Protein chains: 2
Amino acid sequence: MPGESLVIVGATGLVGRTFLKVLDERNFPVERIKLLASSKSAGTEIDFKGDKISVAEFNINQFQRGDIALFSAGAQLSKEVAQTLASNGVTVIDNSSAWRMDSSVPLVVPEVNPLDANWNKGIIANPNCSTIQLVVALNPLRSIASINQLIVASYQATSGAGASALEEMKQQSEDVTHGRDISIDEFPHQIAFNVIPQIDVFEDLDFTKEEWKLVNETRKIFDDQNMLISATCVRVPVAYGHSEAIHINLDKPISVQEAKHVMSAGQGLTVIDNPNNMEYPLAINAEGKMMYLLGE
Amino acid sequence: MPGESLVIVGATGLVGRTFLKVLDERNFPVERIKLLASSKSAGTEIDFKGDKISVAEFNINQFQRGDIALFSAGAQLSKEVAQTLASNGVTVIDNSSAWRMDSSVPLVVPEVNPLDANWNKGIIANPNCSTIQLVVALNPLRSIASINQLIVASYQATSGAGASALEEMKQQSEDVTHGRDISIDEFPHQIAFNVIPQIDVFEDLDFTKEEWKLVNETRKIFDDQNMLISATCVRVPVAYGHSEAIHINLDKPISVQEAKHVMSAGQGLTVIDNPNNMEYPLAINAEGKMMYLLGE
């Protein structure tokens, strides 16, 4: 019987493949790796560090005590199996929305609240993509002032909706350009040459689920239930890289210089801020980078 | 010697052609129309109400007392000739930024402050595109509450930068899709599949000229120099139709119902607000419409 593994659930998806890419780039110390996916994708072979690994069909019996499992196969599956796995000694790191707001589950962004991982009971959630970059960007400021109010408008890339969504944008762009009929499956409307102020479904007060995620997850990560947050989440025809226009109100005035100074030292942040030379964060420059670009 | 004319300056540009389209649609009572452009475009023939009109080269001698001149040929030309024309009895309606902030020139949006046109001294300015839709959308609310603070993030279409800019986006989309090198002339960076947080040049406090226009023009039109306004203007790969995410702080609480009620009666506004049926404003639906789509 082999030892513990790092198990990737949803290995053939856009996020699963990115897990592998980052594990490789960071030379993550992994002895045994196991790739799982739905029956549809089982059998796929994926390259990892020169080896071809065959993807197995997801099954709860594929896990053993001591495994670390990275889940990115939808909230439904995470909801169904994470607790069972956790109670059997598997540590589940869950990329879905299933456990994020559960008070017994820490919601962790390594650059912001790494210590929260310590009180996990077998499940650690990581936040939605648009939340992560927001909290990483704002966290350094919190060392010099408190954030009373946060207003954010997002410009979210199609990759956030998965590989077929990204493909749909590209196909629609081609079809619109050549005057052909388009097909819409992954988005509520045409995304090519358009912006759509709906990501996920509408919920309370006609804010979308994506908008509520941003509000509630940010409050949990910053451990501040009083922060006033208003979010407008918008899908734009970009491949990779979410952008956000963020307006904050602090509990005391700080100078622009002071803000820039503390942010440029922020963990995981790369400040690109030379507007007179037309240098500022751009979605196309963020693709494939493990960093958060920041400018004014 | 013929009577007064409606003169369109910049007749072959994207805005000039839209002037003609709207004059036609509204059956604007015009007896004589004169089309002017640069020497480069002189001689072009343009259809208007079944007639072919030949575009003449711009020259100050083309005007006579009583003419109404619609200018959309850049701020430089407007700056040079508008006062001379005005002092010779021509009414200049200027689409450029040249006169907007001049205290002797009214800045008019017909749906918002039509009476300001009355104190003109021969020049009437109309605001920047992103300002117009903002003030038209917010104006109805001002009948029930004052706006203390306004935070806006824009999603601005490429047509706002002119016909060649629009063409550049389309060409770049094709080139990126087919893995070809792109050419960048009209924008500071690639616009296809990207968002660019720079429209026009950077000015004070590293806000762009476009952002300052939105701040200063809105204050002038609403005649409220105390309104706190913060704008982030972003170019997105959309053909026509600017979108804006607007956050406002009022001087007293009003209910969502009350806000919807007063806005649905607002002049020039079409409220599209049925999120559960995926109905809300979309950039692609705004193309060619003389209305401001509004949703939550």
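This is a predicted model: local features need pLDDT of at least 70, side-chain atom pairs count only at pLDDT 80 or more; totals for chains, interfaces and linings use all residues.
User: What makes the size of chain A agree with a compact globule?

Analyst: Compare two values. For 296 residues, a compact globule would have a radius of gyration near 19 Å, and chain A has 20 Å, so the two agree. The C-alpha atoms of chain A fill a box of roughly 60 × 55 × 40 Å along the principal axes.

User: What is chain A built from, and how much of it is buried?

Analyst: Its secondary structure comes to seven helices and 13 strands. Buried residues make up 40% of the 296 residues in chain A. To count as buried, a residue needs 20 or more other C-beta atoms within 10 Å of its own.

User: How do you know which contacts of chain A link residues 24 or more positions apart?

Analyst: Take the contacts in chain A with a separation of 6 or more, and look at the positions of the two partners. Residues 24 or more positions apart account for 59% of those contacts.

User: Where are the domains of chain A, and how many residues do they bring into contact?

Analyst: Domain 1 of chain A covers 6-126 and domain 2 covers 131-294. Their centres, taken over C-alpha atoms, are separated by 24 Å. Between them, 11 residues of domain 1 are in contact with 15 residues of domain 2. On the domain 1 side, the touching residues divide into six nonpolar, three polar and two charged.

User: Why is Ile246(B) called partly exposed?

Analyst: Ile246(B) has 17 other C-beta atoms within 10 Å. A buried residue needs 20 or more and an exposed one has 12 or fewer. The count of 17 lies in between, so Ile246(B) is partly exposed. This residue is found in strand 11 of chain B. Leaving out residues up to four places away in sequence, Ile246(B) touches Leu134(B), Ala137(B), Leu150(B) and Val152(B). Thr218(B) is 28 residues from Ile246(B) in sequence, and their C-alpha atoms are 13 Å apart in space.

User: Which residues and elements make the contact between the chains?

Analyst: Chain A gives 36 residues and chain B gives 36 residues. On the chain B side, the elements that each supply at least two residues include strand 9 (147-155), helix 4 (163-177) and strand 11 (243-250). The largest share, four residues, comes from helix 4 of chain B. By type, the chain B side divides into 21 nonpolar, 11 polar and four charged residues.

User: What makes strand 5 and strand 8 of chain B edge strands?

Analyst: Start with the order. The open sheet of six strands in chain B runs 5-2-1-6-7-8, with parallel pairing. Strand 5 (56-57) and strand 8 (123-125) each have a single partner strand, so one side of each is left without a neighbour in the sheet.

User: How do you know that strand 1 and strand 2 of chain B pair?

Analyst: Pairing asks for at least two bridges. Four bridges join strand 1 (residues 6-9) to strand 2 (residues 33-37) in chain B, so the two strands pair, and they run parallel. Within strand 2 of chain B, Ile33(B) stands opposite Leu6(B).

How values were computed:
Residues are numbered from 1 along each chain as its sequence is written. Chains are lettered from A and ligands numbered from 1 in the order in which they are written. The radius of gyration is taken over C-alpha atoms; the globule rule is 2.2 Å times the number of residues to the power 0.38. Two residues are in contact if their C-beta atoms, placed from the backbone, lie within 7 Å. Domain bounds come from an automatic or database domain assignment. Ala, Val, Leu, Ile, Met, Phe, Trp, Tyr, Cys and Pro count as nonpolar, Asp, Glu, Lys and Arg as charged, and the others, Gly among them, as polar.
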